[in-house]
Amino acid sequence: MIVDSHCHLDRLEFAKLKSELPEILQNARDKQVEHFLCVSVTLEQFPDMLKVIEGFSDVSASCGVHPLNQDDALDKSLLLDLGKHERVVAIGETGLDYYYSKDTHKVQQDSFAGHIDVANELNKPLIIHTRDAKKDTLDIMRAHNADKCGGVLHCFTEDWDMAKKAIDMGFYISISGIVTFKNAVELQEVVKQIPLDRLLIETDSPYLAPVPHRGKTNQPAYVQDVAYFISDLRGISYKELATATTNNFYQLFSLAKRNNGITTG
């Protein structure tokens, strides 16, 4: 069995997929996906996200603001309040994305720091998005003691040096379908070096569908393609890769299996 450690179920375009969420999740279960982490990108839409996943015992949630959605100062008290919800197993996604406008760098940095503070207060791990912001990401993680709560650098596309420094702070590294792309040679080399006990897999659906589904709307079932690709890349069995990444997921997010559902551990 495997896990989709990062997806946005509330952002799936059901009409385009010609399917509804129960069927989409069942398609993934049929591909041996046993749990899903639905990741928040705004606080305003968090309640609606919870309604979308309500009733699915194999779906957990995070709470946070994506750096590209952080136009104004973080409402830290609201994040703290929402982050206490029983379905929330992580804070984020948060982090830094410098690929686009420089105008939001300061507000992103302040928001990221606030997310780390809340994660430490709630004792819940972080989900970090980082793009073209290696130094500032690591500096803020250190300055705000992100090693205390731990977490994951999701959809990782940076270099081995950054991965190693995050791992040294107790973080996991999550790999998406980007690793299957032909131009992802450098990332593939990084993935070979990540210790198996620090590796997670994800779809980041509905974005970044892996080969052979590129151009389609990504969905949780496709995490199996990511798992097969990485197991071949590392020269290990699919079973070994699946077992390790699934165990890592449950350990990081303090979840335990129970009767095909989950309970906080």
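How many residues apart in helix 9 are Glu189 and Lys192? In this predicted model, Glu189 and Lys192 stand three residues apart in helix 9 (residues 185-193), and the separation between them therefore amounts to about one helical turn. The two residues form a salt bridge in which the closest N and O atoms are 3.0 Å apart. Glu189 counts as partly exposed, at 39% relative accessibility, and Lys192 is likewise partly exposed, at 41%.

## Salt bridges

Side chains of opposite charge can pair when their charged atoms come close. The structure holds eleven salt bridges, and three of these pairs are set out below.

| Pair | N to O distance | Relative accessible area |
|---|---|---|
| Asp58 and Arg29 | 2.6 Å | Asp58 6%; Arg29 26% |
| Asp161 and Lys134 | 2.7 Å | Asp161 33%; Lys134 25% |
| Glu189 and Lys192 | 3.0 Å | Glu189 39%; Lys192 41% |

The side chains of Asp58 and Arg29 meet in a salt bridge at 2.6 Å, N to O. Because Asp58 lies in the loop between helix 3 (46-53) and strand 3 (59-63), while Arg29 belongs to helix 2 (residues 21-29), this pair ties together parts that are 29 residues apart in sequence. With a relative accessible area of 6%, Asp58 is buried, whereas Arg29, at 26%, is partly exposed.

A salt bridge also joins the side chains of Asp161 and Lys134, at 2.7 Å from N to O. Asp161 is located in helix 8 (residues 160-168) and Lys134 in helix 6 (residues 134-143), so the pair connects parts that are 27 residues apart in sequence. Asp161 is partly exposed, with a relative accessibility of 33%, and Lys134 is also partly exposed, at 25%. Both residues take part in a network of salt bridges that links Lys134, Asp159, Asp161 and Lys165.

Strands 4 and 5 run parallel and are joined by five bridges, with Leu126 in strand 5 as the bridge partner of Ile91. Strand 5 also pairs in the parallel sense with strand 6 (residues 151-153), over three bridges, and here Leu126 stands opposite Gly151 of strand 6. Strand 5 (residues 126-131) is mostly covered, five of its six residues being buried.

## A surface patch and a buried loop residue

Together with Leu68 and Tyr99, Tyr100 makes a nonpolar surface patch of about 320 Å².

A contrasting loop position is that of Gln219, which is found between strand 8 (199-201) and helix 10 (223-234). Gln219 is buried, with a relative accessible area of 11%; this value falls under the 20% limit for a buried residue. When residues up to four places away in sequence are not counted, Gln219 touches Leu17, Ile24, Asn27, Thr203 and Ser205.

Note on methods:
Residues numbered from 1 in each chain as written. Predicted model: local features only at pLDDT ≥ 70, side-chain atom pairs only at ≥ 80, totals over all residues. Heavy atoms only, no water. Patch = residues over 30% accessible without salt bridge, like charges linked within 9 Å, V, L, I, M, F, W, Y side chains within 5 Å. Areas by Shrake-Rupley, 256 points an atom, 1.4 Å probe, with all protein chains shown as cover. Salt bridge = Lys/Arg side-chain N within 4 Å of Asp/Glu carboxyl O. Buried < 20%, exposed > 50% of the residue type's maximum accessible area, 1.4 Å probe, protein only. Helix = DSSP H or I, 4+ residues; strand = E, 2+ residues; numbered from the N terminus. Pairing = 2+ DSSP bridges. Contact = heavy atoms within 4.5 Å.
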